[in-house]
Amino acid sequence: MSERRNFRSYYYEKMGFRGVEEKKSLEILLKEDPVDIAKLSTFCTRFPVPAMFRPLVWKLVLGILPPHPSIHQFVLQQRMEQFNDLKHGLEVMAAVGPDTPPSLCFLKMYLLDEGRLPLEEEKLPETEEEELFMSIAKVVMEMSEDDEMDAFWTAVSIFRHLQGIQEQIRSMPSTFKASLRKADPSLFNHLAHAKALDRLPFTSWFNALFAGVLPTITLERIWDRVIGGASRVLVFVAVMYVMTHRTKLLTLGQTDQILQFLRQVPWDNSEVLVCEAIELWEKDGSHLRPEPAVT
């Protein structure tokens with residue numbers, strides 16, 4: 001039976017139907033009551049989450065919804081009421097209006113929910129933290145197909161998740177350098193000689209999960225793994241990001257030239273880039289090593 005199953009999986013993959021059995025496994029997981037969140041998180045780190053299940057899977061793993069399906073409708077109703085109360089409160093305060101961009105509205109709602117919204121009108125975003133929140137919110141809005149309530153709670157939950165793994169994120173630049181040195185010594189040496197290594201846009205890469213750096217459609221596969229608990233994948237996306245453009249980078253000798261190029265990299269071949277980054281991450285064995293627990 002095992003050999004037959006392995007052959008079928010291989011056949012599906014060769015015929016372009018990779019993930020058929022994984023989809024069935026996910027359906028079984030989601031039908032459990034309660035849903036095993038640990039297993040669901042592991043699924044996110046091992047396999048691409050099918051688009052039709054991604055909104056529900058993310059809500060469960062991020063804690064937007066509880067593991068008991070029987071009370072999902074009630075919890076969603078509570079989430080909707082809280083969303084409406086926050087937005088209405090800002091409207092009464094004249095803090096938002098019809099022309100307020102959704103990402104800025106989400107930021108003010110988030111700050112209001114946190115009890116940190118300035119009493120006096122201030123220009124937002126004012127801090128790096130607020131800019132990062134808006135970057136993530138913009139991408140989530142695209143992913144959620146204009147479902148504002150869904151997008152708001154997803155953006156808030158992802159952002160809070162990132163706040164909980166800051167120790168891991170702070171270690172990523174050094175891990176990136178070590179990984180790049182191993183994967184492409186000549187490119188590493190070139191960037192080091194140009195004094196660009198310490199000035200690379202690590203904040204956009206790691207703190208904002210490549211929001212605005214890579215197209216939304218490719219970010220979903222990366223975010224699946226980060227949400228599932230495998231944030232280390234971001235390091236390998238960054239490594240592959242520079243390696244993919246090594247030919248051009250090797251012609252640039254000045255730090256500012258390198259940074260300017262990386263800010264304007266086209267999105268061509270981004271799907272291939274992400275696939276190769278995940279493959280590099282898997283070859284490193286990172287998907288098999290548990291990450292440090294968040295305390």
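**Figure 1. The cavity of the predicted model.** The structure holds one cavity of 30 Å³ or more, and the largest cavity has a volume of about 40 Å³. On a 1 Å grid over the protein atoms alone, a cavity is a set of points where a 1.4 Å probe fits but cannot get out, whereas a pocket is an open set with protein on both sides within 12 Å along at least five of seven lines; lining residues have an atom within 4 Å of a point. Grid points are joined across faces, edges and corners, and a volume is the space filled by probe spheres set on the points. The largest cavity is lined by Val 213, Leu 214, Tyr 241, His 245, Val 265, Pro 266, Trp 267, Asp 268, Ser 270 and Leu 273. This lining comprises seven nonpolar, two polar and one charged residues; Ala, Val, Leu, Ile, Met, Phe, Trp, Tyr, Cys and Pro count as nonpolar, Asp, Glu, Lys and Arg as charged, and the others, Gly among them, as polar. The model is predicted: local features need pLDDT of at least 70 and side-chain atom pairs count only at pLDDT 80 or more, while totals for chains, interfaces and linings use all residues. Residues are numbered from 1 along each chain as its sequence is written, and side-chain values use heavy atoms, with hydrogens and water left out.

Figure 2. Ile 222 is found in α12 (residues 216-228); helices (H or I, at least four residues) and strands (E, at least two) are DSSP runs, numbered from the N terminus. With a relative accessible area of 1%, Ile 222 is buried; buried means under 20% relative accessible area, exposed over 50%, and partly exposed in between (1.4 Å probe, protein chains only). Not counting residues up to four places away in sequence, Ile 222 touches Leu 214, Val 233, Leu 234, Val 237 and Val 274, contact being heavy atoms within 4.5 Å. Leu 214 also belongs to the lining of the largest cavity. The C-alpha atoms of Ile 222 and Ile 278 are separated by 8.2 Å, although the two residues are 56 residues apart along the chain.

Figure 3. Helix α8 (residues 148-163) has 16 residues and reaches 22 Å from its first C-alpha to its last, close to the 22 Å expected (1.5 Å times one less than the number of residues). Twelve of the 16 residues of α8 are buried, so the helix is largely enclosed by the rest of the structure. Ser 157 lies in α8 and counts as buried at 14% relative accessibility. A polar atom of its side chain lies 2.7 Å from the backbone oxygen of Trp 153. Ser 157 touches Leu 62 and Ile 64, not counting residues up to four places away in sequence.

**Figure 4. The second largest pocket.** This pocket has a volume of about 260 Å³. Of its 13 lining residues, Arg 54, Pro 55, Met 143, Ser 144 and Asp 150 lie nearest the centre. Helices α4 (54-62), α7 (128-143) and α8 each supply at least two lining residues, and α4 gives the most, with four. The lining has five nonpolar, two polar and six charged residues.

**Figure 5. Backbone features in loops.** The peptide bond from Asp 33 to Pro 34 is cis, with omega near 5 degrees. Leu 209, in the loop between α11 (202-207) and α12, has a positive phi of about 55 degrees although it is not a glycine.

Definitions and conventions: Polar contact = N/O pair within 3.5 Å; in protein donor to acceptor, adjacent residues only side chain to side chain.
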